[in-house]
Amino acid sequence: MRDVELILDTVIRENKAVVNDWLDNKPGAWGALSGKAIIAVNKSLGRTLNEGEKRLVWKLLWDKLMEIKDRKL
């Protein structure tokens, strides 16, 4: 799990503009970030995630983004 969290930290760090778009509720920002996260985890594992694994990645990403949002408020 820690590896996935590190991957998500990298996705967030490398996509600050999209994170800011998400914070501003711009359309497409969540889809862009969630897609990048899934691609990064797939690449790290060397395989495609199943639906349950994707949902877990999305939840972890959402939680990280909410932490960022809470710090900004």
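These legends describe close-up views of aromatic contacts in a predicted model.

**View 1. Trp22 and Trp62 form an edge-to-face pair.** The structure holds two aromatic pairs. In the pair shown here, the ring centres of Trp22 and Trp62 are 5.4 Å apart. Their planes stand at 90°, so the geometry is edge-to-face.

**View 2. Trp30 pairs with Trp62.** This pair is also edge-to-face. The centre-to-centre distance is 5.2 Å, with 80° between the planes. Trp30 lies in helix α3 (residues 29-45) and Trp62 in helix α4, so the pair ties together parts 32 residues apart in sequence.

**View 3. Trp22, Trp30 and Trp62 are linked into a cluster by ring pairs.** Trp62 takes part in the pair with Trp22 and in the pair with Trp30. Trp22 is buried, because its relative accessible area of 9% falls under the 20% cut-off. Trp30 counts as partly exposed, at 29% relative accessibility. Trp62 is likewise partly exposed, with a value of 37%.

**View 4. Lys69 lies over the face of Trp22.** Lys69 is placed at 5.6 Å from the ring centre.

Definitions and conventions
Residues numbered from 1 in each chain as written. Predicted model: local features only at pLDDT ≥ 70, side-chain atom pairs only at ≥ 80, totals over all residues. Heavy atoms only, no water. Phe/Tyr/Trp six-rings, centres within 6.5 Å; stacked < 30°, edge-to-face > 60°. Buried < 20%, exposed > 50% of the residue type's maximum accessible area, 1.4 Å probe, protein only. Helix = DSSP H or I, 4+ residues; strand = E, 2+ residues; numbered from the N terminus. Lys NZ or Arg CZ within 6 Å of the ring centre and 35° of its normal.
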